[in-house]
Amino acid sequence: MSRSRLVANVVAVAAAFVTFFPIYWMVLSAVKPAGEIQSLQVRPWTLAPTLENFQRVLGGENFGRYFLNSLVVALSVVVLSGVVAFLAAVAVTRFRFRFRTTVLIMFLIAQMVPVEALTIPLFFLIRDLGTAVPGVGLNTLGSLVLVHLAFSLPFAVWMMRGFVAAVPESLEEAAMIDGASRPVVLWRILFPLVAPGLVATSVFSFIAAWNDFVFARTFIISATGNQTLPAALLVFFKPDENDWGGIMAASTLMTIPVLIFFVAVQRRLVAGLGGAVKD
């Protein structure tokens, strides 16, 4: 083995260890007894694993409801952003219209604005919008879906644009010559070809919506039944002493859906990221 390959392998193993260790410590703390978690002698193992922390979290009030709320918000954002981003990418790639370049630049600029700078303006916008449109005001899951959709679309459209542009227009033209309409060309020819790219963008949308804390804490004020999991973790933070076992157990349970989602789309995700790099 050459020296450069050996160095590359060592760096890769070190990077993997640095990435994996926080996850290992989270799961370890979730199965540790309370005495070991609070002990001053910190050990990277436990000889008495327990599921008490998980039982306390799962038996807690409304945990299942919070989990379902997060799932509804994340999946809604994934589906809506995927459909809208696909159609928008087709529009800016296949059609020529005024301000097309301006629209693309606006998508890019939107990614540069920090979330914290828009939280307060969005709060007043959602508050006023809720008076006119039911289901998207404060204390509703619709407000979270709407805001995450707005933040995920610029990146999704910009990324999908590359995948759509990589598909030759001759395929669409040949299908239309054979009598296929524009909707048929979109959904039966173009959509399957750019599906890996759509999966890649959906992963980022899912993670952003699933792990959101700022918007969930800002827009869900008094309707505790509409809280999502990240905001619901605050119940384990006590004024006198934090329940670290419950925090780590709940965080582990939060990680499971993300892992399942990654495993389900792994092959298409790799193909999509590869296509993005190639483009």
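One definition before the pairs: a residue counts as buried under 20% relative accessible area, as exposed over 50%, and as partly exposed in between. By that scale Arg182, with a relative accessible area of 30%, is partly exposed. Please keep in mind that this is a predicted model.

Now, what does Arg182 pair with? The side chain of Arg182 meets that of Glu172 in a salt bridge, 3.3 Å from N to O. Is Glu172 buried or exposed? Its relative accessible area is 4%, and because the cut-off for buried is under 20%, Glu172 is buried. The pair also belongs to a network: salt bridges with shared partners join Arg94, Glu172 and Arg182.

In general terms, side chains of opposite charge can pair when their charged atoms come close. How many salt bridges does the model have? The count is four.

Another of them joins Asp243 and Arg56, whose closest N and O atoms are 2.9 Å apart. Asp243 has a relative accessible area of 19%, so it falls under the 20% cut-off and is buried. Arg56, at 34%, is partly exposed.

A further salt bridge is formed by the side chains of Arg127 and Asp128, at 3.3 Å from N to O. Here Arg127 is partly exposed at 39% relative accessibility, and Asp128 is partly exposed with a relative accessible area of 44%.

Next, the helix packing. Two packed helices are described by the angle between their axes and the distance between the axes. Helix H6, residues 115-132, packs against helix H7, residues 141-166, at an angle of about 135°, and the axes are 11 Å apart. That angle makes H6 oblique to H7. The crossing of H6 past H7 is right-handed.

Which residues meet there? From H6 they are Val115, Leu118, Leu122, Ile126 and Leu129, and from H7 they are Ser143, Leu146, Val147 and Phe151. By type, the contact has eight nonpolar residues, one polar and no charged.

How values were computed:
Residues numbered from 1 in each chain as written. Predicted model: local features only at pLDDT ≥ 70, side-chain atom pairs only at ≥ 80, totals over all residues. Heavy atoms only, no water. Buried < 20%, exposed > 50% of the residue type's maximum accessible area, 1.4 Å probe, protein only. Axes fitted to C-alpha atoms, helices over the stretch in contact; angles between N-to-C directions. Helix = DSSP H or I, 4+ residues; strand = E, 2+ residues; numbered from the N terminus. Parallel < 35°, antiparallel > 145°, perpendicular 65-115°, else oblique. Left-handed = near helix turned anticlockwise from the far one by under 90°. Contact = heavy atoms within 4.5 Å. Nonpolar A, V, L, I, M, F, W, Y, C, P; charged D, E, K, R; others polar.
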